[in-house]
Structures are given as C-alpha cells and as structure tokens.
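These are my notebook entries from one sitting with a model. I went through backbone, strands, rings, charges and surface in turn.

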Amino acid sequence: MVKLYLAVPCYNEEEVLFDTTEKLTKKYDQLILEGKITDDSKIVYIDDGSKDRTWEIISGLYKTNKYVNGIKMSRNRGHQNALLGGLMTIKDDCDCVISIDADLQDDINAFDKMLEDFENGSEIVYGVRSKRATDTAFKRMTAQGFYKILSALGAEVVYNHADFRLMSRRALNALAEFKEVNLFLRGLVPLVGYKSSVVEYERSERLAGESKYPLKKMLGLAWDGVTSLSMKPIRMITALGVIVFCISIIMLIYSFVMWVIGNTVSGWTSMTVSIWAIGGLQILAIGVVGEYIGKIYMETKNRPRFIVEEQLK
C-alpha cells in the first residue's frame with residue numbers, strides 16, 4: 001500500500017472547503033478500503049495568506065477529521081509558491097503526493113489510475129484534460145493558445161496539463177534541486193525527467209467561488225513560463241534585428257541606384273515611417289531584454305520562495 005498525501009493550495013476558499021473535505025474524505029475511505037493507500041495518508045491544505053476564514057476552517061477540520069493536516073504560509077506568495085512550499089514541507093512524510101486545487105474541478109476519481117501508474121514505476125503522473133466541453137468558447141481558445149504559445153516559444157510543457165499531478169518522493173527531492181525564484185512548475189516538473197505517464201480525465205465545474213486564474217493571470221503565468229525556461233524570445237529579437245538590418249542595406253542600395261539614375265523623390269513619409277518602425281523595434285527589444293535582466297536581478301537576491309508560518313500535523 002502507498003502512503004499518499006494530497007497537496008491542496010488554498011486562497012480565499014472558505015466557500016468550498018467543507019464540501020471539498022467531504023468528497024476527499026469519502027475518496028480516502030474508499031482507497032483505504034480497497035487497500036490502495038495506508039490509513040495514515042493525509043489531506044494537506046496549504047493556506048496561501050487567505051484574507052477570509054480559510055485558515056480558521058482548516059484548523060477546525062484538523063481537529064475533527066483524521067485525514068486533514070494544514071500548512072499556513074506567512075503571506076500570500078501566489079499559487080505556484082504556495083504549492084511548492086507545501087510539496088517541499090511534506091515530501092519526506094509520504095511515498096507520493098498528488099497536487100490538486102481546492103475547487104475539485106480536477107477529477108478525484110483519477111487518483112486510482114495515478115496510484116496504479118505509480119506502483120507500476122511512474123515517478124510522475126500528469127493529469128491531462130481529455131476535452132474542454134465545460135469551458136466557454138473564449139476560455140477554450142485562450143487555454144489552448146496558452147499551451148501552444150508556450151511550446152512555440154521553447155517552454156517544455158505537457159499539453160492540457162495544469163498542476164494536477166502525482167509525484168513520488170524521489171521526484172520531489174529532484175524538484176527541490178531547482179532553485180529558481182521565478183516559479184513555473186508546469187515547466188519545471190518535466191525537466192526533472194524520470195519515468196512519467198499521463199492519466200486523462202474530464203474537468204468539472206467549480207464547486208463555488210470564483211476562478212483564481214482569470215485571463216490576466218493566465219497571460220502573466222504564460223509570460224513567466226516563457227521567460228523562466230526559454231531564451232527563444234531574445235533569439236527571435238536577434239533574428240528580427242538581422243532581418244531589419246538586411247532590409248536597410250537593400251534600401252540603401254536601392255536609394256543609391258535611384259540617385260545615380262536621377263530618379264530620386266524627395267519626401268519625409270518614408271523617413272518618418274522608418275524612424276518609428278526602428279524605434280518601436282528597439283523599445284520592444286529593450287523591454288524583452290529588460291524582462292530577463294529583471295529576472296536575473298530577482299534570482300541574485302536569493303530570497304526564500306516561501307515561508308511556513310504554522311503547520312498542523
């Protein structure tokens with residue numbers, strides 16, 4: 001049997017915690033009855049500096065539910081840092097960890113297949129959505145575009161996989177070797193290597209509350225993923241600079257030929273357009289390079305990625 005821990009990041013999740021705990025408790029009871037996990041397996045809620053009653057509820061559940069443990073971060077650091085903080089705190093207490101969001105949109109019935117793959121030798125099991133029937137057309141388009149853009153720009157990600165995954169203790173110890181401050185776990189975990197597999201599932205509607213990943217945050221996450229894992233944007237700008245330089249040489253030769261044959265046309269339009277185009281290109285290039293320099297600046301500070309204020313276990 002496997003000693004399983006769940007890592008469940010929470011930010012202002014008071015509306016779903018009781019229902020989530022009830023569903024997870026029933027699932028744990030079933031898995032224990034079937035002999036798939038040990039009876040000292042735990043559900044670990046990770047409070048990412050919530051402003052509502054989330055930690056109060058977690059503390060109450062800890063006293064009344066034998067499966068529930070809790071970790072309280074010292075302040076809000078974002079989903080990725082909270083999840084990593086939870087994983088690193090509990091990694092030595094269990095055989096494997098499944099990370100799942102508190103709204104339970106990810107299918108808890110996929111646990112069975114994940115555990116089966118783990119016992120068959122997979123160190124990492126990715127939960128991958130089989131379809132997006134519950135999404136709006138806009139959400140489906142932006143989400144699929146998110147993964148395609150990441151892949152096109154050089155970030156190694158598993159298509160349609162978010163942060164629903166199983167990781168063994170060995171894989172978690174390997175992940176601990178990555179010291180990046182700018183976290184993008186969807187890109188870091190595949191870099192761990194080791195044997196992996198995929199479990200497909202259908203994502204359901206959120207139990208209550210609002211999504212913590214609107215379009216603005218999704219775009220920010222995508223940009224963090226690209227700039228944390230890939231040099232491709234800088235290389236694209238370099239290539240664009242070479243192309244613009246070549247065009248300028250061609251235009252210089254063309255202008256010289258026109259001058260020789262006496263077919264010059266005076267005017268300021270072409271000059272103005274050229275100045276604006278090259279100026280815009282320079283600003284864009286400086287902005288992208290500045291983003292990388294900013295990340296280097298943050299990395300050199302070597303600040304802690306998370307601080308645990310309190311742990312219930």
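The entries below follow that order.

**Ground rules**

I am working with a predicted model, in which local features need pLDDT of at least 70, side-chain atom pairs count only at pLDDT 80 or more, and totals for chains, interfaces and linings use all residues. Residues are numbered from 1 along each chain as its sequence is written, and side-chain values use heavy atoms, with hydrogens and water left out.

**Entry: backbone**

Most residues other than glycine have a negative phi. Asn12 has a positive phi, near 55°, and it sits in the loop between strand 1 (4-10) and helix 1 (17-33). I take helices (H or I, at least four residues) and strands (E, at least two) as DSSP runs, numbered from the N terminus. Leu104 also turned up, with phi near 55°, in the loop between strand 4 (96-99) and helix 4 (111-119).

Are these two residues buried or exposed? I call a residue buried under 20% relative accessible area, exposed over 50% and partly exposed in between (1.4 Å probe, protein chains only). Asn12 is at 26% relative accessibility, so I logged it as partly exposed. Leu104 is at 7% and therefore buried.

**Entry: strands 1 and 2**

I checked how strand 1 and strand 2 are joined: they run parallel, with six bridges between them. Strands count as paired if DSSP finds at least two bridges between them. One of the contacts I noted is Pro9, whose bridge partner in strand 2 is Ile46.

Strand 2 (residues 42-47) is mostly covered, with six of its six residues buried. Lys42, Val44 and Ile46 point one way from the strand, while Ile43, Tyr45 and Asp47 point the other way.

**Entry: aromatic rings**

How many aromatic pairs does the whole structure hold? My search gave three. The rule is that rings of Phe, Tyr and Trp (its six-membered ring) pair if their centres lie within 6.5 Å; planes under 30 degrees apart count as stacked, over 60 as edge-to-face and the rest as tilted.

Tyr28 and Tyr67 make an edge-to-face pair, 5.3 Å centre to centre with 65° between the planes. Tyr28 lies in helix 1 and Tyr67 in the loop between helix 2 (54-64) and strand 3 (68-73), so this pair ties together parts that are 39 residues apart in sequence. Both tyrosines are buried.

Phe164 and Tyr201 are edge-to-face as well, at 5.1 Å centre to centre and 85° between the planes. Phe164 belongs to strand 6 (residues 161-168) and Tyr201 to strand 7 (residues 196-201), 37 residues apart. Phe164 counts as buried because its relative accessibility is 0%. Tyr201 is buried too, at 5%.

**Entry: salt bridges**

Side chains of opposite charge can pair when their charged atoms come close. I counted a salt bridge where a side-chain nitrogen of Lys or Arg is within 4 Å of a carboxyl oxygen of Asp or Glu, and the whole structure gave 11.

Two of them fall in helix 1:

- Asp19 meets Lys23 at 3.0 Å, N to O. They are four residues apart, about one turn of the helix. Asp19 is partly exposed at 28%, and Lys23 is partly exposed at 33%.
- Glu22 meets Lys26 at 3.5 Å, N to O. This pair also has a spacing of four residues, about one turn of the helix. Glu22 is partly exposed at 43%, whereas Lys26 is exposed at 55%.

Elsewhere I found Lys91 with Asp92, at 3.4 Å, N to O. Lys91 is buried at 12%, while Asp92 is partly exposed at 49%. Salt bridges with shared partners also join Lys27, Glu34, Lys36 and Asp112 into one network.

**Entry: surface**

Which residues form a nonpolar patch on the surface? I found Ile253, Val257, Val260 and Ile261, with about 360 Å² of accessible area together. Ile253 is in helix 9 (residues 232-260). Patch residues have over 30% relative accessible area and no salt bridge; like charges are joined within 9 Å and nonpolar side chains (Val, Leu, Ile, Met, Phe, Trp, Tyr) within 5 Å. The areas come from the Shrake-Rupley method with a 1.4 Å probe, and for residues only the protein chains shown count as cover.
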